[in-house]
Amino acid sequence: MHNMHVNRKTLPVLPGLSPRLLLGLLLSSCLAMGQTAVTPFEKLPDWSGLWNMMGGTVFDTATQTGKGGVVTPGVREHPPYTPAFEKIYQGHLALRDADRYPDVITNCGVPVGYPRILNLPDAYEFVVRPDIFYIVTENGPNTMRVYTDGRKLPAKEDTWGTYTGVSVGHWEGDTLVFQTIGLKGNRDNDSILDRTGLVLSDEAKVTTRMRKINENTLEVKLVIEDPKALTKPWNVTKQFRKNSKPAQFMYDYGCAENNRNPADPVTGKTLTLGPDGKPLN
Amino acid sequence: MKATNIAAGAALIAAMTIFMVPPILAHHSSAGFSQDVKEISGTVKEFQFRNPHSWIQVNVADASGKVTEWSVEWGSPNQLGREGIRPSTFSPGMNVTIKMRPMMNGTPVGGFVGAKMPDGKTIGKWDTGDGKKPAYE
């Protein structure tokens, strides 16, 4: 597998020790500490190449029309919000309809966070290693790390709310399973799930299962639990299609390079700047 | 440009009309754009092939000769580059006709739908795009 070849090269190599021997030592260490054994390279799936999210950037397309554009079982028609968060969401929808709901990423300053990182245009890379899994997005750019080296999730008091949180996972055959906690949610009004104004709270916990359902399709199933924001688990399915063209490159995405659409800090309106930098609208 | 390069470029552009990957305006809300498609013909002033979105600056003259500079927004160069678009696709001085979704407030800004090039070739959703904007990409 292409990924295996590249990734083996990235393993730290000590004099006289082969990567295979090092991996064996890592496995032994994990087992000795009572942790889940890491899955060796040979048993990991090949998720190499560039991928694109399928569909538009509405996080749960089932919420877009009320009828749903996804037929995968388990996709909900609407987030099962608590009354308080339903009120917040409806407020965001009203602002959106008035073109006054700025997307926090429009000003090119903050990560998109989780799970919105699964909801972006442009290319993705899914980097599989025994000890860690990376989601690398061109858009943003954004990076997410999922530790698969046998460690446990930190205690809640040892997290403080970040955009992407902390994620720990393991492999069940060809399926990567991980949990994410420590998300900041809507605490600072700068982390949303999509431009309709979907938000979660800082109590959110996301369980993610990722697997290839065929050679060119990755499926991601999310179960989102959030005692503040949701009355019951919210199930969302995302899919990614592999770019079939050979030897495609990932590129820079300097969001601030030529951002002609900043949000007005007062009105929240998305501005359009002319080539001279002055607002046109 | 050699004939083979021209043919390859044409093939890439043709492929783009089929495989254009949505969404293209995901950096910000598309709420300000109209559902309707407007067509403008003019001269390319500049093609800003930079992130987060590409912009085609086009000078358009009306019947009285008054020139208005239109700003037509397109996808990220990363995305467009993988589909065969290059900074040279719209070169200064080129005469083009562009289909776009104009902003509803009347400013000379639009979201790219498709274009007809000087040689008659088309790119984007010139033939198939109905201009309907996706819901809040």
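Student: What share of the 281 residues of chain A counts as buried?
Tutor: This is a predicted model, where local features need pLDDT of at least 70, side-chain atom pairs count only at pLDDT 80 or more, and totals for chains, interfaces and linings use all residues. Residues are numbered from 1 along each chain as its sequence is written, while chains are lettered from A and ligands numbered from 1 in the order in which they are written. A residue is buried if 20 or more other C-beta atoms, placed from the backbone, lie within 10 Å of its own; it is exposed at 12 or fewer and partly exposed in between. In chain A, the buried share is 36%.

Student: And what share of the 137 residues in chain B is buried?
Tutor: The cut-offs for burial stay as above. For chain B the share is 38%.

Student: In what order do the elements of chain A run?
Tutor: Helices (H or I, at least four residues) and strands (E, at least two) are DSSP runs, numbered from the N terminus. Chain A has 4 helices and 9 strands. From the N terminus, their order is α-α-β-α-α-β-β-β-β-β-β-β-β.

Student: How far does helix H4 of chain A reach?
Tutor: H4 covers residues 83-97, which makes 15 residues. The expected span is 1.5 Å times one less than the number of residues. Here that gives 21 Å, and the helix, from first C-alpha to last, comes close to it at 21 Å.

Student: Which residue stands opposite Thr208(A)?
Tutor: Two strands pair if DSSP finds at least two bridges between them. S7(A), residues 205-214, and S8(A), residues 217-225, pair in the antiparallel sense over 9 bridges. A hairpin of 2 residues joins them. In S8(A), the residue opposite Thr208(A) is Leu222(A).

Student: What is the bridge partner of Thr217(A) in S9(A)?
Tutor: S8(A) also pairs with S9(A), residues 234-242, antiparallel over 8 bridges. There, the partner of Thr217(A) is Arg241(A).

Student: How many residues does the largest nonpolar core have?
Tutor: A nonpolar core is a set of buried Ala, Val, Leu, Ile, Met, Phe, Trp, Tyr and Cys residues joined through C-beta atoms within 7 Å. Those with the most contacts inside the largest one include Trp51(A), Tyr124(A) and Phe126(A). Its residue count is 44.

Student: How many residues are in the second, separate core?
Tutor: Trp55(B), Phe112(B), Val113(B) and Ala115(B) are among its members. The count is 19.
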